[in-house]
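Take a short walk through this structure.

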Amino acid sequence: MTTLAENWGVHESQFWLRGEFPADPVQFEPETGMWNVYGHAEALKTLSDHKVFSSDTARLIPQELAPDKDLFVDGNLLQMDPPDHKKLRTLVSHAFTPKVVADLEPRIATLTNELLDVVDGEDSMELVTNLAYPLPVIVIAELLGIPASDRELFKEWVDTLLRNSQQRSLVKQTEEDKKASDETVEQLRNLVNYLGEHVDDRRRNPREDLLTKLVEAEVDGEKLSQNEVVNFANVLLLAGHITTTMLLGNTVLCLDSHPDEYRRVRADRALLPATIEESLRFLSPFALVARATTTEVELGGRTIPADSMLAIWVAAANRDPRTFTDPGTFDPARAHNPHLAFGRGIHFCIGAPLARLEGKTALNILLDRFPELRTDPAVPPSFIPSPNMTGVNELQLLLKP
């Protein structure tokens, strides 16, 4: 798998997938005006210290490069620092408690079986279309209270967002950058307008769902604005399914590429959780997160000025040889696996327990129902065409001997 980048055409800049690691864990990139953080210790520090490394990165993006940025910031948990972040995160934390998540397991199992019933008896299936995408979308849509039947609409919008999720320069904008940015804004508006209609409906017709709770919630005695509710729901919808979609595809790909590990997991399903964690390290779904410095700081032997943008490459950090023994090897049995795929600190992924449960439940059922499951050698997997994400777009699987 160290030749994964060459063999399967993932993004050329994802050097960590070629078994490479930079000599300097922190590097400045003049072309973009950004600091790249590759080291695990350095990434951990940036993710853990929200006072120095702020999540409010939009403030550093010049208005002329992103004229619509303010529309998508209000209520966006990913762009917030304390105390506002804690207040909003508390509003939805009840929906992701261990008990609430555990109680979803029967529903996840039912959905998985229903989705796999469609391909039962077939010779092959495409994993993303048939299972990895619809399963988590349906789960998060049902939690929010929006129609899961609209998932093809979401997919059209989200595919454009993923395709255009390149790290752009803070210094200049090319015509290609502008086109991608315009497409991204258009699809974000589609999502925002769609969710806005459902928010308006909840104001008129409250229900027992998460969207209604956001509409009715108060922070410091005030209800959330329309923008805050919509952007909050937008983050939950996107983050609530993209990670699991990539996790499922990546784990199947890792197992298929490592037959010995595949046999062990089939024989002993107690190994599946550790296998999922190693998949998250080895092929980290969200390869990049961003932070903005609030003061001058030393990091990785470099002095970074205040108001600098940092690109924290967690996927590279998860391959740091200073932290992980033999990092280019897929090893579910590794004793020490402090991967950063779900982040760290106050922004640790609130949906991580749900993603793990969805992954474990779906993979168990998939392996039970298709004992001969394997990738189709005639149809290589295709990856999301962005350096910022690591996941398959398509993974064709053979179901019969």
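N76 is buried in this predicted model. Its relative accessible area is 13%, and buried means under 20%, so N76 falls on the buried side of the cut-off.

Where does N76 lie in the chain? Look in the loop between strand 3 (53-54) and helix 3 (84-93). Once neighbours within four places in sequence are set aside, N76 is in contact with N231 and V235.

Those two numbers lead to the next element. Helix 11 covers residues 226-257. How many residues does helix 11 have, and how far does it reach? There are 32 residues, and the helix reaches 47 Å from its first C-alpha to its last. That is close to the 46 Å expected at 1.5 Å a residue. Helix 11 is also mostly covered. Of its 32 residues, 26 are buried.

Now move to a sheet. Strands of a sheet pair through backbone hydrogen bonds, either parallel or antiparallel.

Follow strand 11 to its partner. Strand 11 pairs with strand 14 (residues 396-398) in the antiparallel sense, over 2 bridges. At residue level, T375 has L397 in strand 14 as its bridge partner.

Technical notes
Residues numbered from 1 in each chain as written. Predicted model: local features only at pLDDT ≥ 70, side-chain atom pairs only at ≥ 80, totals over all residues. Heavy atoms only, no water. Helix = DSSP H or I, 4+ residues; strand = E, 2+ residues; numbered from the N terminus. Buried < 20%, exposed > 50% of the residue type's maximum accessible area, 1.4 Å probe, protein only. Contact = heavy atoms within 4.5 Å. Pairing = 2+ DSSP bridges. Expected span 1.5 Å × (residues − 1).
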